[in-house]
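Keep the sequence and the 3D view open while reading.

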Amino acid sequence: MRTEFYIFRHGETELNRQKRWQGSGMDYDLTENGIVQAQKLAAKLQGKGIEIVFSSPLRRAFHTAEIAAAVLGVPVAVENDLRECFYGEAEGRLIADLQREVPQIVNNWNRPQFWDLRFEGGESKGEALQRVLAVLERLAKENADVIGIAIHGGTMASLLNYFGFEFETVPNCGAFHLIYENGKGTVNGGIF
């Protein structure tokens, strides 16, 4: 069985603009710039054959999913386990402050070998990844052949790590194409 996923990060929020660490405990909507980013993303997704978009329940991802789905003419469904990692005490904090206080976490978050990283009181990178992977596995078995997925920077970075794709950053409304076949995923191309 083969399923194609177009996995994309939400558009800019006020906390992104302020360079704050934003997890599942922070439920901000898109800025005006984030809405423009989502519209540009939707144009890039046209012609990909997406039949449905599944979204994190958090406003920033759901609003991005709604914008994309409206352009694509497809429905949106919420999947609670697609939410961002919960970052505990880091939620809402300035990234520069965290960089000074816990550089071993901030500097290694996007490195694939550090699955057990977590901020105090938060979920580990690996725990968040496992719940997102479980959703993808289930959706691949139950749904359409081509699926859009609206998620977050941290969970998207973990997915890219898991599937062996090297990257520098995950930009707002960055997306990648994942071909999922017989329980294995392959990133097709890069972040677009």
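## Aromatic residues

Tyrosine 87 has a relative accessibility of 2%, so it counts as buried. This is a predicted model. Buried here means under 20% relative accessible area. Tryptophan 21 is also buried, at 12% relative accessible area.

The model holds nine aromatic pairs. Tryptophan 21 and tyrosine 87 form an edge-to-face pair, because their ring centres are 5.5 Å apart and their planes stand at 90°. Where do the two residues sit? Tryptophan 21 is in the loop between H1 and helix H2 (32-45). Tyrosine 87 is in the loop between strand S3 (76-78) and helix H4 (95-101). The pair therefore ties together parts that are 66 residues apart in sequence.

Phenylalanine 163 is buried at 15% relative accessibility, whereas tyrosine 162 is partly exposed at 45% relative accessible area.

The table sets out the two pairs.

| Pair | Distance between ring centres | Angle between planes |
|---|---|---|
| Tryptophan 21 and tyrosine 87 | 5.5 Å | 90° |

The charged end of lysine 125 sits over the ring of tryptophan 115, 5.0 Å from the ring centre. Lysine 48 lies over the face of phenylalanine 192, and the distance to that ring centre is 5.5 Å.

## The sheet

Next comes the sheet. Six strands make an open sheet in the order S3-S2-S4-S1-S5-S6. The pairing is mixed. S3 and strand S6 (184-188) are the edge strands, and each pairs on one side only. On average, neighbouring strands are turned by 25° against each other, direction ignored.

Helix H6 (residues 125-142) packs on this sheet. H6 touches S1, strand S2 (52-55), S4 and S5. The direction of H6 makes about 135° with that of S1.

How much of strand S1 is buried? Seven of the eight residues of S1 (residues 2-9) are buried, so the strand is largely enclosed by the rest of the structure.

With strand S5 (residues 175-181), S1 pairs in the antiparallel sense over seven bridges. With strand S4 (residues 146-151), S1 runs parallel, and six bridges join the two.

Follow phenylalanine 8 to see both partners. This residue stands opposite alanine 175 in S5, and opposite alanine 150 in S4. Phenylalanine 5 stands opposite leucine 178 in S5. In a regular strand, side chains alternate between the two faces of the sheet.

## Asparagine 16

Asparagine 16 lies in helix H1 (residues 14-17). Is asparagine 16 buried or exposed? The relative accessible area of asparagine 16 is 16%, so this residue is buried.

Which side chain does asparagine 16 meet in a polar contact? The partner is the side chain of asparagine 172, at 3.1 Å. Leaving aside neighbours within four places in sequence, asparagine 16 is in contact with Arg9, His10, Gly11, Gln22 and Asn172.

Notes: Residues are numbered from 1 along each chain as its sequence is written. This is a predicted model: local features need pLDDT of at least 70, side-chain atom pairs count only at pLDDT 80 or more; totals for chains, interfaces and linings use all residues. Side-chain values use heavy atoms; hydrogens and water are left out. Helices (H or I, at least four residues) and strands (E, at least two) are DSSP runs, numbered from the N terminus. Buried means under 20% relative accessible area, exposed over 50%, partly exposed in between (1.4 Å probe, protein chains only). A polar contact is a pair of N or O atoms within 3.5 Å; within protein, one must be able to donate a hydrogen and the other to accept it, and residues adjacent in sequence count only if both atoms are side-chain atoms. Contact means heavy atoms within 4.5 Å. Two strands pair if DSSP finds at least two bridges between them. Rings of Phe, Tyr and Trp (its six-membered ring) pair if their centres lie within 6.5 Å; planes under 30 degrees apart count as stacked, over 60 as edge-to-face and the rest as tilted. A charge sits over a ring if NZ of Lys or CZ of Arg is within 6 Å of the ring centre and within 35 degrees of the ring normal. Axes are lines fitted to C-alpha atoms, for helices over the stretch in contact, and angles run from 0 to 180 degrees between N-to-C directions.
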